[in-house]
Amino acid sequence: MPLTARQLNRATLARQLLLRRKRLGVVEAIDRVVALQAQEPASPYVALWNRVEGFDPADLDRAYATHTIIKSPSMRITLHAVTAADYPRFHGAMQPSLRASRLGDDRFAVAGLSRQQADDVIPELLAYASEPRSNQDMDAWLDARFGDLPKPGVWWAIRTYGPFIHAPNGGPWMFGPRPGYLASPYLERSGDPEQDLEHLVRRYLEGFGPATVADIGQFALVTRSRVKSAVEAMGDALVRVDGPGGTVLLDVPGGVVPDEDAPAPPRLLGMWDEVLLAYQDRSRIVPEAIRKVVTRSNGDVLPTLLVDGQVAGVWRPIDGAIEATALAPIPRSAWQALEREARWLLAFLADRDPAIYRRYGHWWARLPEGEVRILGA
């Protein structure tokens, strides 16, 4: 029998630790969920709070500090937190996309350096970045090497595709508003981006399958032709299953697909939670009527209320409480569960930054009408 849309929803929630919190260490938890989008420093912490029973944010602090969890540009050409074991292969798989996005951009071209010159200078930059360096440091080093260069330009490109990671540099979530960069301590890749992509495909399906070729391409922002070639090369290492409407889905053997009636408790997901971005067809988690509300025109993805496995609204901290705006009907029992989650979240945030995401508050003036409740006060 083909899998139903609801089964696919529950498969994602189970693999993403959103059917119930698990007692796991930080590295094991991120290994299970594959990657956490990290362009907003608080979001990986909120993601783990939603997934890990008894999560202590100091554990992620230590993982960042010891580089067992790496923050670096990766899938979708944006910052992700991934395990040290996955980082080299993910970075290798993403090289064609990362390089094309930056070396093909006018902001690099105007600097007047060739791609080869940019590549050739990377070993010297890696040596310079044996200790944390700021954007200004790296730009100044390149200016000294090549003469005054337009900004952004050469370093803006190299920091995206080169083997540089973000260095913890303070703030309540380990990374301040001005990033620091380090040479990556993990440089062993296969040397073949297509072999590395096979690794990425397998890891994606472990955390988000069953899914389509288009879903994998969307998750990573790599071309479908590359994904198709990787899938073909993987052969029997993947299984094919039928999905809704005759869709052919890919999965790893033994991938968990719970019963469609598996209960899905409400959650307060942070900005850019990975489940909202991991599919071409986002209706698995986000109803189409809500998608354009929670995903803004510039790519911001608002903190969301997850009810019965589907996005049902948005939330933000306000005056020591959580303001929740329902964009779809929410039953009374779910509101009660969200109240409990809000109290736990406020306690979690209290010692770090109770007003996370404050700079995105302007989006609330543009929300459609919905039921608004103050939770956790």
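**First stop: a cis proline**

Select P152, which sits in the loop between α9 (135-146) and α10; helices are DSSP runs of H or I with at least four residues, strands are runs of E with at least two, and both are numbered from the N terminus. This is a predicted model, where local features need pLDDT of at least 70 and side-chain atom pairs count only at pLDDT 80 or more, while totals for chains, interfaces and linings use all residues. Residues are numbered from 1 along each chain as its sequence is written, and side-chain values use heavy atoms, with hydrogens and water left out.

Now look at the bond joining K151 to P152: the peptide is cis, with omega about -10°. For another one, jump to G209 and P210, again joined by a cis peptide bond, here with omega about -5°. P210 is in the loop between α11 (193-208) and α12 (213-220).

**Helix α10**

Go back and select residues 154-161, helix α10. Seven of its eight residues are buried, so the helix is largely enclosed by the rest of the structure. Buried means under 20% relative accessible area, exposed over 50%, and partly exposed in between (1.4 Å probe, protein chains only). The buried ones are V154, W155, W156, A157, I158, T160 and Y161.

**Two positive phi angles**

Most residues other than glycine have a negative phi. Pick L17, in the loop between α1 and α2 (26-33): its phi is positive, about 60°, and it is not a glycine. L17 counts as buried because its relative accessibility is 1%. Then pick W272, in the loop between β9 (267-269) and α14 (288-294). W272 is not a glycine either, yet has a positive phi of about 55°, and it is buried at 4% relative accessible area.

**Near the start of the chain**

Select T4, in the segment before α1 (5-15). Which residues does T4 contact, leaving aside its neighbours within four places in sequence? P244 and E260, where contact means heavy atoms within 4.5 Å. The T4 and E260 side chains make a polar contact at 2.7 Å (a pair of N or O atoms within 3.5 Å; within protein, one must be able to donate a hydrogen and the other to accept it, and residues adjacent in sequence count only if both atoms are side-chain atoms). At 29% relative accessibility, T4 counts as partly exposed.

**Last stop: α3 against α15**

Show Y45, W49 and N50 in α3 together with E341, W344, L345 and F348 in α15, where the two helices meet.
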